[in-house]
Amino acid sequence: MVNPMNTSVRRRVAAAAVLIVFIFGLYSLRLFQIQIVEGDKYAEIAARNTVTEVPISAARGEILDTNLKPIAVNHASYSVIFDYAFFPRGKTDEKEKEKNAIILSLTDILIEAGEEWNDTLPITGSGPYAFEPDRDKGIAELKKYLNMAEYATADNCMAELVKKYKLTDYTPEQQRRAAGVRYEMDQRDFSLKNPFTFSDDVSPDTTYKIKEHNNIYPGVDVQTTPVREYRSGDVASHLIGTVGPIFPDEYQALKDKGYALNDVLGKSGIEAAAEEYLRGTAGVRSLTKDSKGVIVEDAVTKEPVPGNSVVLTLDMELQAAVQEYLASTITNLRETAAPLKGGDVRSGAVVVLDAKTGGVLTSASWPTFDLTTYKENYDQLIADPDRPLFNRALNGAFACGSTMKPGVALAALTEGVITGNDTFTCHRVFTKWSDYRPTCLGYHNSINVVNALIKSCNIFFYNTGLALDIYKMNEYSALYGLGQKTGIEIGEAEGVLAGPDERQAKGLQWNPGDTVSAAIGQSDNLFTPIQLASYCMMIANNGTRYKTHLIDSIRSYDGKTVTPVEKEVAAQVNWSQSAIDLVRQGMVGVTKGSGTAAKSFGNAPYTVAAKTGTAEVSKDRSDHGVFIAYAPVEDPEIAIAVLLEDGTSAPSTALGRQVMDKYFELKEQRAAAANDAGDGAGDAAGSAGDPSGLDNPSDPPAPDETAAPNNRRDPEE
């Protein structure tokens, strides 16, 4: 009898066998087609060369001042480059030994020459190892890269690096050197598309030593590369900024824009703000490999295009002079002034704006630093108690004192709260309240708005501020740009515009006494020097405030195309004409006769509209000295703001006079030089018929410096 179970099994086995034969038949047929029918085609594909494109970095554009004087340029230098196409590859012990031998030999050469190489490993140079201070981010990245726990020590990390890069047979010092370079290569994604820059700006002697032994350094090349050079030294260093390498976390956002990991990137200042203009267009190097991976051709298929030049509104000659005046003023105060009389001055800033455009002619902050030694001196700069890296002109926010008064007067006159004939009686003490009695420095008796500006009478502005009220006062102050960013490209602090909303956000209450204090520039008001200069520019322009800016134009790298940056109106306020006339009269009076700035400006050969200011911030320190002005009054060209932190009023006013004198002196000198050049050009044109001009310039942290303002008084000079 036949077992139906056995019959079913035999049928399934037979079916499976038929299926297997069918599948193998298909594979055999396809194999026959590939090897016999289409053999030539696939042989050609196998033998075909492959091409890899490697980017070539372009030279960075130059930064020039308004007179086309070079500020940041490039000089030709030598860099030691690791070329992945020829550098030892692979993870075998032999290949790892080759890599380490090359690196250690090169570091020996650089050590002997006193030169450095690129190594950002956040571990000290010798054992017992420790993590370098202030490198929290780099330490976290290292541990993540090594898959180590957060509590791993520097010794733990170093041991893992030694294991990873096969450095067991070397001394601890050699291990640290090689590990630092190997880690940097990995962080920089060393590959065909990302050559590794081992060392920048090496000396010619060093390049000769490397080239003499190029047979033992496969994949190591010495290339001529552009290196950033700052001609300005410590002049405008806060504004120019710095460049640096692209870090891995930055690269994620930059790779889609065509950046390579070995590119240079603007890190701060104009170098960062104008990156899109300064950065050139990368070229292309094409590496052709045969089927065995051997490079058979290495050619540049697209030349790099240099970046464009950025022309600034800065006048570097004026900037240098202003920085010198500012430094001299502060040094003199520290050496000669008594305590609480300016001898404890902490810092200072001066901003000069082109009143017709909002262009920044000068932005000086003391103390400053030298861009040429910034990297070498970074640790000292960070440790300096005067905080030279902090830009007071743009990021320092301070009480402005009586420089607030012209804006309050303009608002009150325009709103009809006061008229030019209205007076208030000043007997030095404001007697509206019994429990709070702010004072004035003088006994001005019956005084109107013009004389209140000239004498800087607090009593007049206490009354005016109350009548105007804080909401209307702040409505105008916002139009003035106080407590707001002015628009400058490189970043700035916002400051604080005091008022009920700002106070309530802190869980505090706004009182009427705060309103009278705000009317004379005290209370919680904290403004930056560039905001004060911008506000003064608005007064000079009868109500038009321009966006501040540092970039004047963009010039193509060959100098043939110039694209100007158009001025931009930031705000417009419609003061009444009578308000403008009265406030101008008062501000001009400040510099004459019995005005608070007459001592400094009484003999000025140009007409000036100004306001002095003193802000008392602490019983234990000198007052801030603040000064704003514009000139010439008939056709304003510049608006300035001067701030001396704990430097008192008189020195800030005297400094303002130095700044304005220098501006008009340079203007006169340049006009005379232009006339002389014009006469010479006319003679040359008459004889040669080819006058020429200069077309190619390349041929020749949070504002915590603030102090809490005080409502007690507002003393002037």
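Helices here are DSSP runs of H or I with at least four residues, strands are runs of E with at least two, and both are numbered from the N terminus. With that settled, aspartate 469 lies in the loop between helix H17 (458-468) and helix H18 (470-480). I will come back to that residue.

First, the ground rules. This is a predicted model, with residues numbered from 1 along each chain as its sequence is written, and local features need pLDDT of at least 70. Side-chain atom pairs count only at pLDDT 80 or more, totals for chains, interfaces and linings use all residues, and side-chain values use heavy atoms, with hydrogens and water left out.

The overall picture, then. The protein chain has 24 helices and 21 strands. Of its 717 residues, 49% count as buried, where buried means under 20% relative accessible area, exposed means over 50%, and partly exposed is in between, with a 1.4 Å probe and protein chains only. The chain exposes about 33,700 Å², and carbon and sulfur atoms supply 52% of that area. Areas come from the Shrake-Rupley method with a 1.4 Å probe; for residues, only the protein chains shown count as cover.

Now to strand S12, residues 360-366. Of its 7 residues, 7 are buried. Strand S11, residues 347-354, runs antiparallel to S12, and 6 bridges join them; two strands pair if DSSP finds at least two bridges between them. Within that pairing, leucine 353 stands opposite valine 360. The two strands form a hairpin with 5 residues between them, where glycine 358 takes a positive phi near 85 degrees.

Glycine 348 is in S11 and is buried, at a relative accessible area of 0%. What is glycine 348 in contact with, leaving aside its neighbours within four places in sequence? The list is Leu326, Ile330, Ala364, Ser365, Trp366, Arg392, Leu643 and Leu644, contact meaning heavy atoms within 4.5 Å.

Outside four places in sequence, threonine 362 is in contact with Leu314, Asp315, Leu318, Gln319, Val322, Val350, Val351 and Val352.

Rolling a probe the size of a water molecule over the atoms shows where empty space is left. On a 1 Å grid over the protein atoms alone, a cavity is a set of points where a 1.4 Å probe fits but cannot get out, and lining residues have an atom within 4 Å of a point. The largest cavity holds about 40 Å³, the volume being the space filled by probe spheres set on the points, which are joined across faces, edges and corners. Which elements each supply at least two residues of its lining? Helix H8 (237-240), helix H12 (316-336) and S12 do. Among the lining residues are Asp234, His238, Gln319, Gln323, Ser363 and Thr368. By type, the lining divides into 3 nonpolar, 7 polar and 1 charged. In that count, Ala, Val, Leu, Ile, Met, Phe, Trp, Tyr, Cys and Pro are nonpolar, Asp, Glu, Lys and Arg are charged, and the others, Gly among them, are polar.

Next, the backbone. Most residues other than glycine have a negative phi, and most peptide bonds are trans. A cis peptide bond joins tryptophan 366 and proline 367, with omega about 0 degrees; proline 367 is in the loop between S12 and helix H13 (378-383). Another cis bond joins alanine 631 and proline 632, with omega about -15 degrees. Proline 632 lies in the loop between strand S20 (624-631) and strand S21 (638-645).

As for phi, aspartate 469 has a positive value near 75 degrees and is partly exposed at 34% relative accessibility. Aspartate 134, in the loop between helix H3 (93-113) and helix H4 (136-145), has a positive phi of about 60 degrees. Is aspartate 134 buried or exposed? Exposed, with a relative accessible area of 77%.

Last, strand S3, residues 70-82, which is joined to strand S2, residues 63-64, by 2 bridges in the antiparallel sense. Their hairpin has 5 residues between the strands, and leucine 68 in the turn has a positive phi of about 65 degrees. S3 also pairs antiparallel with strand S5, residues 220-230, over 11 bridges, and there tyrosine 78 has threonine 224 as its bridge partner.

Definitions and conventions:
1 Å grid on protein atoms, 1.4 Å probe; cavity = no way out; pocket = protein on both sides within 12 Å on 5 of 7 lines; lining within 4 Å.
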